[in-house]
Amino acid sequence: MSLRVIAGSARGARLKAVPGDSTRPIMDRVKEALFSIIGDDIIGATMLDLFAGTGSVGIEALSRGGEQVYFVDRHRAALKTIRENLKRTRLAARAVLRHRDAFDLIKRPPERRFDFIYVAPPQYLGHWLTTLKALDGNPSWHHPDSVIVVQIDPRELEDDFCLRHLIEYDRRVYGRTMLLFFEFVDASEQKRTAHIDEDNSDLA
C-alpha cells in the first residue's frame, strides 16, 4: 500500500510502511474522509495517536496545522518508521514519541489534555474495545472537548458494548473500514442515536 500525506505543509510526501503485519494502515480515501469530518478543528489541536504504526494519521494532523501529536507504539520497528516519516515531512519538532504499551499508558493520568485520540490497534484482537473501556474507566482522561476516533473493520463491531462516560455520536463506513466517533459525557446524559453514513464500495 502506498502511503502519502494528503494535504497541508507536507502534502504529497511519501511515507514508509512498517515491515510486517503488526499495524493497521489507513487508506488515503479513508484518511481524507476523516480529516474532512474533523475539518478546521485540527488547527492548533493536540492528538494522541495510539498504536501509531507508520504515524500516518498523526503526521496528517501535524501537516494540516495540529499543534502537537503524541505517537505511541510498543513496537520498535514502528517507532523507527515514525521517526523516518517525521524526518521526511519535516514535522518532528511538533511530535512526541513514546515507546509504550497503549494499555499501560491509559491506565495512568495523561501527560496533557488531548483534543483527539486516535485508536487503530491490530485487527481482530478486540483491542479497540479494551482501549475504549480503559479510557471510560479512568476519570483522569475524561474531558468534554476530547474526541476519540476508532478505526476498525466493520466485522469487529460489537453492538452490545456498554460504556458509562463515552458516547458514540457518529459512525462512517468506507468499504472494509469503519470509523467510530466518541466523546466524553456525564453518565446521566441520555444517549444520542449515532449517525450512520455507509459507503460500501470496495477499497481493495
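Reader: Let us take buried as under 20% relative accessible area, exposed as over 50%, and partly exposed as in between, with a 1.4 Å probe and protein chains only. Is aspartate 104 buried or partly exposed?

Author: Aspartate 104 is partly exposed, at a relative accessible area of 29%. Please note that this is a predicted model, in which local features need pLDDT of at least 70 and side-chain atom pairs count only at pLDDT 80 or more, while totals for chains, interfaces and linings use all residues. Residues are numbered from 1 along each chain as its sequence is written, and side-chain values use heavy atoms, leaving out hydrogens and water.

Reader: Which side chain meets aspartate 104 in a salt bridge?

Author: That of arginine 100, with N and O 3.2 Å apart. A salt bridge here is a side-chain nitrogen of Lys or Arg within 4 Å of a carboxyl oxygen of Asp or Glu. Arginine 100 is also partly exposed, at 26% relative accessibility.

Reader: How many salt bridges does the structure hold?

Author: There are 12. One of them joins aspartate 28 to arginine 4, with the closest N and O atoms 2.9 Å apart. Aspartate 28 belongs to helix α1 and arginine 4 to strand β1 (residues 3-4), so the pair ties together parts 24 residues apart in sequence. Helices (H or I, at least four residues) and strands (E, at least two) are DSSP runs, numbered from the N terminus. Aspartate 28 counts as buried at 18% relative accessibility, whereas arginine 4 is partly exposed at 27%.

Reader: Changing topic, how many helices and strands are in the protein chain?

Author: The protein chain has five helices and 10 strands. Buried residues make up 51% of its 204 residues.

Reader: Why is helix α2 (residues 56-63) largely enclosed by the rest of the structure?

Author: Because eight of its eight residues are buried. Among them are Val57, Glu60 and Leu62. After α2 comes glycine 65, with a positive phi near 110°.

Reader: Which residues of the largest nonpolar core touch the most other members?

Author: They are Leu34, Ile42, Phe71, Leu86, Tyr118 and Leu179, in a core of 34 residues. Such a core is a set of buried Ala, Val, Leu, Ile, Met, Phe, Trp, Tyr and Cys residues joined through side-chain atoms within 4.5 Å.

Reader: And which element gives the most to this core?

Author: Helix α1, with five residues.

Reader: What is leucine 34 in contact with, leaving aside its neighbours within four places in sequence?

Author: With that exclusion, leucine 34 is in contact (heavy atoms within 4.5 Å) with Val57, Tyr118, Val149, Leu179 and Phe181.

Reader: Tyrosine 118 is named there again. Which residue of β7 stands opposite tyrosine 118?

Author: Valine 149 does. β6 and β7 pair in the parallel sense over four bridges; strands pair if DSSP finds at least two bridges between them. β3 is also parallel to β6, joined to it by four bridges, and the bridge partner of aspartate 49 in β6 is tyrosine 118.

Reader: Which buried residues cover the faces of β6?

Author: Phe116 and Tyr118 lie on one side, with Ile117 and Val119 on the other, and all are buried.

Reader: Finally, where is arginine 90, and is it buried or exposed?

Author: Arginine 90 sits in the loop between α3 and β5 (95-99), and is exposed, with a relative accessible area of 78%. Its phi is positive, about 60°, although it is not a glycine.
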